[in-house]
Amino acid sequence: MLARKSIIPEEFALSGLASRIPRKPVFRDRVNKARFIAKSGSCNLAHKNIREQGRFLQDVFTTLVDLKWRFTLVIFTMTFLCSWLLFAMGWWLVAFAHGDLDPYAKSDLEQCVTNVKSFTSAFLFSIEVQVTIGFGGRMITEQCPAAITVLILQNIAGLIINAIMLGCIFMKTAQSHRRAETLIFSRNACIAVRNNRLCFMVRVGDLRKSMIIGAVVRLQVVRKTMTPEGEVVPIHQIDVQTESAVSSNSIFLLAPLIICHVIDKDSPLYDLSAMELQCSDLEVIVILEGVVETTGITTQARTSYVTEEIQWGHRFVPIVTEEDGIYSVDYSKFGNTVKVATPRCSARELDEKPYILIQTLQKSELSHQNSLRKRNSMRRNNSMRKANASMRRNNSALAVPKVQFLTPEGAQSMAIT
């Protein structure tokens with residue numbers, strides 16, 4: 001049996017009307033993934049299945065510096081204890097070979113090391129030799145050449161151990177990332193129009209008065225890409241040019257600076273609009289390098305910005321003011337931004353259609369003028385209300401009150417004004 005034909009034509013049915021309604025492009029929410037560089041600057045990367053562990057022992061000094069403090073202190077303590085015990089065994093063997101430990105030895109026999117009669121006394125003498133304490137109760141004599149050899153070996157070994165361990169402690173306390181704790185970045189990055197170009201901006205600052213010599217700021221965009229051959233690159237690092245690197249390779253970080261990247265045709269952000277940026281999977285890494293003025297050690301501070309931390313259409317507020325002949329920096333407003341008129345389209349579309357920027361700026365100017373008119377009219381109305389109220393109060397103060405007189409006979413009262 002044939003299906004009954006509908007009375008309503010198909011083009012006027014709900015399905016046909018819904019198919020002809022223009023739909024906006026739907027962007028799927030970006031799945032939250034681990035960021036490559038944390039906000040504190042630490043690399044969010046785990047090394048697994050390393051089979052050649054012996055390579056770390058070939059560079060013992062760097063391995064000791066990279067260890068945590070608790071492991072470094074344990075190794076520091078155990079190294080000295082083991083060296084003292086090892087040479088204490090040597091001094092005990094020297095005394096045993098010479099017969100100094102024999103309780104029935106002749107009293108006139110001169111010992112190799114005086115007052116070394118047990119392993120405990122040999123251990124104490126080993127500590128005195130290596131740390132050069134020299135209490136005076138025990139000392140070496142010229143009777144045993146072996147004792148002189150052990151003394152020389154322990155002195156050399158003690159100097160080597162002191163140099164390595166103290167150097168390791170010094171390098172851990174003076175590491176470059178300690179200075180990076182006072183190099184700060186803004187919490188969010190901004191994209192706005194600057195000099196008629198769409199720009200990516202981030203603010204950096206130094207909290208210390210001692211400067212960073214030869215400071216260099218580099219930007220990198222990390223994203224997952226695919227080559228034309230079908231190869232997937234999970235971490236593709238793209239260098240981004242900044243305005244400061246165009247003329248010179250360093251910045252003068254005396255006061256907080258705004259690092260600006262012009263989004264041009266060579267930028268990886270050239271084809272991204274405001275909506276596409278929020279739905280894209282990229283991370284902008286900011287790296288600040290320089291030499292510490294006081295120590296001469298090269299330091300590096302890092303941070304990153306994911307798409308949720310990039311504010312489109314915002315600009316950083318000024319924080320440097322002149323007060324009493326000096327420049328003052330208000331760090332409470334370091335990360336504050338203000339909303340400005342910015343086209344929501346990509347930089348490519350702005351280059352192809354320059355009138356979009358002109359229209360956006362004109363609308364912003366008109367809205368600003370309208371807001372100024374409303375503000376001025378409100379101020380005028382308020383001033384007029386205050387003037388009218390003051391006039392009423394003055395008139396009421398000048399008005400003469402009415403006085404009524406009553407006759408003693410209860411006649412009709414007369415009002416006099």
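Predicted model: local features only at pLDDT ≥ 70, side-chain atom pairs only at ≥ 80, totals over all residues.

Residues are numbered from 1 along each chain as its sequence is written, and side-chain values use heavy atoms, with hydrogens and water left out.

Reader: How many helices and strands are there in the protein?
Author: Helices (H or I, at least four residues) and strands (E, at least two) are DSSP runs, numbered from the N terminus. Counted that way, the protein has 11 helices and 15 strands.

Reader: Which strands sit at the edges of the open sheet of 4 strands?
Author: Two strands pair if DSSP finds at least two bridges between them. The order in this sheet is β5-β4-β7-β8, with antiparallel pairing. Pairing on one side only marks the edge strands, β5 (232-240) and β8 (298-306).

Reader: Which residue in β8 stands opposite leucine 288?
Author: Strand β7 covers residues 282-292 and runs antiparallel to β8, with 9 bridges joining the two. Opposite leucine 288, β8 has alanine 301.

Reader: What is the phi of aspartate 324 in the turn between β11 and β12?
Author: β11 (residues 320-323) and β12 (residues 326-329) pair in the antiparallel sense over 4 bridges, and threonine 321 stands opposite serine 328. The two strands make a hairpin with 2 residues between them, and in the turn aspartate 324 has a positive phi of about 55°.

Reader: How far apart in sequence are the parts tied together by cysteine 112 and cysteine 144?
Author: A disulfide is a pair of cysteine sulfur atoms within 2.5 Å, and cysteine 112 and cysteine 144 form one with their sulfur atoms 1.4 Å apart. Cysteine 112 lies in the loop between α4 (69-98) and α5 (119-130), and cysteine 144 in the loop between α5 and α6 (145-173), so the pair ties together parts separated in sequence by 32 residues.

Reader: Is cysteine 144 buried or exposed?
Author: Buried means under 20% relative accessible area, exposed over 50%, and partly exposed in between (1.4 Å probe, protein chains only). Cysteine 144 has a relative accessible area of 6%, so it counts as buried.

Reader: And what is the nearest cysteine sulfur to cysteine 260?
Author: Cysteine 260 is buried, at 2% relative accessibility. It is in no disulfide; at 3.6 Å, the nearest cysteine sulfur is that of cysteine 199.

Reader: Which residues does the UniProt annotation "transmembrane region" cover?
Author: The label comes from an unreviewed UniProt entry, and such annotations may be inferred rather than shown by experiment. In the model, residues 71-94 are 100% helix with end C-alpha atoms 35 Å apart, while residues 146-170 are 100% helix with end C-alpha atoms 36 Å apart. The annotation covers residues 71-94 and 146-170.

Reader: Which backbone nitrogen does the side chain of aspartate 206 reach?
Author: Aspartate 206 is in strand β3 (residues 197-206) and is buried, with a relative accessible area of 7%. Its contacts (heavy atoms within 4.5 Å) include Arg179, Thr182 and Tyr331, not counting residues up to four places away in sequence. A polar contact is a pair of N or O atoms within 3.5 Å; within protein, one must be able to donate a hydrogen and the other to accept it, and residues adjacent in sequence count only if both atoms are side-chain atoms. At 3.3 Å, the side chain of aspartate 206 reaches the backbone nitrogen of arginine 208.
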